[in-house]
Amino acid sequence: MWLADFWAITREGIWWISKAHTLGVKAWGLPLEEMTFFLFTNLAVVQGLLLAWHPEALKRLR
């Protein structure tokens, strides 16, 4: 997601993030808040999938 966000913000100008509402810290062209958001969103999705596919959870569905 970072790559898609980087492309949309810096390369294509599809959207932008206000400098007034960020800390101003950037890594690879993206604000730290944006990178943190995508990191935790992806971690939450992976954790949810792991919990859903756990053998105990699958037993309950049967």
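**View 1. Glu56 and Lys59 are 3 residues apart in helix α3, a separation of about one helical turn.** Their side chains meet in a salt bridge, with an N to O distance of 3.0 Å, where a salt bridge is a side-chain nitrogen of Lys or Arg within 4 Å of a carboxyl oxygen of Asp or Glu. The structure holds 1 salt bridge. Glu56 is partly exposed at a relative accessible area of 38%, whereas Lys59 counts as exposed at 52%; buried means under 20% relative accessible area, exposed over 50%, and partly exposed in between (1.4 Å probe, protein chains only). Helices (H or I, at least four residues) and strands (E, at least two) are DSSP runs, numbered from the N terminus.

The model is predicted, so that local features need pLDDT of at least 70 and side-chain atom pairs count only at pLDDT 80 or more, while totals for chains, interfaces and linings use all residues. Residues are numbered from 1 along each chain as its sequence is written, and side-chain values use heavy atoms, with hydrogens and water left out.

**View 2. Confidence is shown along the elements of the protein.** For the protein, the mean pLDDT is 88, and 100% of residues reach 70 or more.

**View 3. Helix α1 (residues 2-11) has Asp5, Ala8 and Ile9 as its buried residues.** These residues cover an arc of only 90 degrees around the axis, which puts them on the same side of α1; the arc is that of the directions from the helix axis to the C-beta atoms. The face turned away from this buried side carries the exposed residues Leu3 and Arg11.

**View 4. Trp28 lies in the loop between β1 (26-27) and β2 (30-31).** Phi of Trp28 is near 55 degrees, a positive value in a residue other than glycine. Most residues other than glycine have a negative phi. Trp28 is exposed, with a relative accessible area of 70%.

**View 5. The lining of the largest pocket includes Ile9, Trp16 and Pro31.** A pocket is an open set of points on a 1 Å grid over the protein atoms alone, where a 1.4 Å probe fits, with protein on both sides within 12 Å along at least five of seven lines, and lining residues have an atom within 4 Å of a point.

How values were computed: pLDDT is the predictor's confidence in each residue, from 0 to 100.
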